[in-house]
Amino acid sequence: MININTLAYSGERLSFFQLFNEKHFQVEVPIIQRDYAQGRDNQSAVRKAFLDTLYEYLKQGKPHRDLDFVYGSIVENKIAIANNDVENKPLIRFIPLDGQQRLTTLFLLHWYLAQISGKADYLRNILSVNGHSLFTYETRNSSREFCDALIAHDLNLTTLLTTESGNTSVAATIKDAGWFYLSWSSDPTIRSM
């Protein structure tokens, strides 16, 4: 669980999934935030600690575990969206000022788990509208396009490419996919994701 702190939702406890499925938020990492860093090679200790914490929570089977606060602001768009049961409801953007590293890691983890469990269509239905990911970056067009492409495409995880060291690699398989633009490799957020 993450605690959303904004004027309208002060201290409300929500899971990452509830942000989209129940609140119908779009999470938009703003320009002022740094690039996603937890995926960088030199951040392996931070990434491992966060993933180990998540793993321990899952092993314990105790729901509603806190992952600290996520601070931000809520902006309600005037446009309506049409996405199955969300028809004609306004799209509300949550713009995190703190917690974007955790949110991005949770986005990637949800995507990965949906891929390996055969639930990619289900996640896509919840986390996208009209082909656009509801988790996005305002930082660069390429970051936003990558989030859109990642949520829109499935990856066959049983046929992962191998690296020079002989390990299978989700990253190498994504980079080899027909929908991945080579120019995206220059985007530090995409490289880390």
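Q: Let's start with His24: is it buried or exposed?

A: Keep in mind that this is a predicted model. The idea is to look at the relative accessible area, and under 20% means buried. His24 has a relative accessibility of 14%, so it counts as buried. You'll find His24 in the loop between helix H1 (16-21) and S3.

Q: What is the phi of His24?

A: The general idea first: most residues other than glycine have a negative phi. His24 has a positive phi of about 60°, although it is not a glycine. Asn130 is another case, with a positive phi of about 50° and again not a glycine. Asn130 sits in the loop between strand S6 (128-129) and strand S7 (132-133). Asn130 has a relative accessible area of 66%, so it is exposed.

Q: How do I read a strand, and which residues of S3 lie on each side?

A: In a regular strand the side chains alternate between the two faces of the sheet. In S3, Phe25, Val27 and Val29 are on one side, while Gln26 and Glu28 are on the other. Both faces are covered, with those residues all buried. Strand S3 covers residues 25-29, and because 5 of its 5 residues are buried, it is largely enclosed by the rest of the structure.

Q: Which strand is joined to S3, and how many bridges are there?

A: That's strand S8 (residues 135-137), joined to S3 by 3 bridges, and the two run parallel. For a spot to look at, find Glu28, which stands opposite Thr136 in S8.

Q: Now helices. How do I describe H3 and H4 where their axes cross?

A: Two packed helices are described by the angle between their axes and the distance between the axes. Here the axes of helix H3 (residues 100-117) and helix H4 (residues 120-127) come within 7 Å and cross at roughly 145°. On the H3 side, the residues that meet H4 are Phe107, His110, Trp111, Ala114 and Gln115. Their partners in H4 are Ala120, Leu123 and Leu127. The residues of this contact divide into 6 nonpolar, 2 polar and no charged.

Q: Which residues of H3 are buried?

A: A handy thing to remember is that an α-helix has 3.6 residues a turn, so residues three or four places apart point the same way. The buried residues of H3 include Leu103, Phe107, Trp111, Ala114 and Gln115. Gln100, Gln101 and Arg102 are also among the buried ones.

Q: What span is expected for H3, and what span does H3 reach?

A: With 18 residues, H3 is expected to span 26 Å at 1.5 Å a residue. From its first C-alpha to its last, H3 reaches 25 Å, close to that expected value. After H3 comes Gly118, whose phi is positive, near 75°.

Q: How far apart are the end C-alpha atoms of helix H5?

A: They are 16 Å apart, which agrees with the 16 Å that the 12 residues of H5 (residues 141-152) should span. Several residues of H5 are buried, among them Ser142, Ser143, Phe146 and Asp148.

Q: What does Asp187 touch?

A: Not counting residues up to four places away in sequence, Asp187 touches Arg140, Ser142 and Ser143. Asp187 is in the loop between helix H6 (170-176) and helix H7 (188-192). With a relative accessible area of 2%, Asp187 is buried.

Q: Finally, how many helices and strands does the protein chain have?

A: The protein chain has 7 helices and 10 strands. Of its 193 residues, 45% count as buried. Among the contacts with a separation of 6 or more, 65% are between residues 24 or more positions apart.

How values were computed:
Residues numbered from 1 in each chain as written. Predicted model: local features only at pLDDT ≥ 70, side-chain atom pairs only at ≥ 80, totals over all residues. Heavy atoms only, no water. Helix = DSSP H or I, 4+ residues; strand = E, 2+ residues; numbered from the N terminus. Buried < 20%, exposed > 50% of the residue type's maximum accessible area, 1.4 Å probe, protein only. Contact = heavy atoms within 4.5 Å. Pairing = 2+ DSSP bridges. Axes fitted to C-alpha atoms, helices over the stretch in contact; angles between N-to-C directions. Nonpolar A, V, L, I, M, F, W, Y, C, P; charged D, E, K, R; others polar. Expected span 1.5 Å × (residues − 1).
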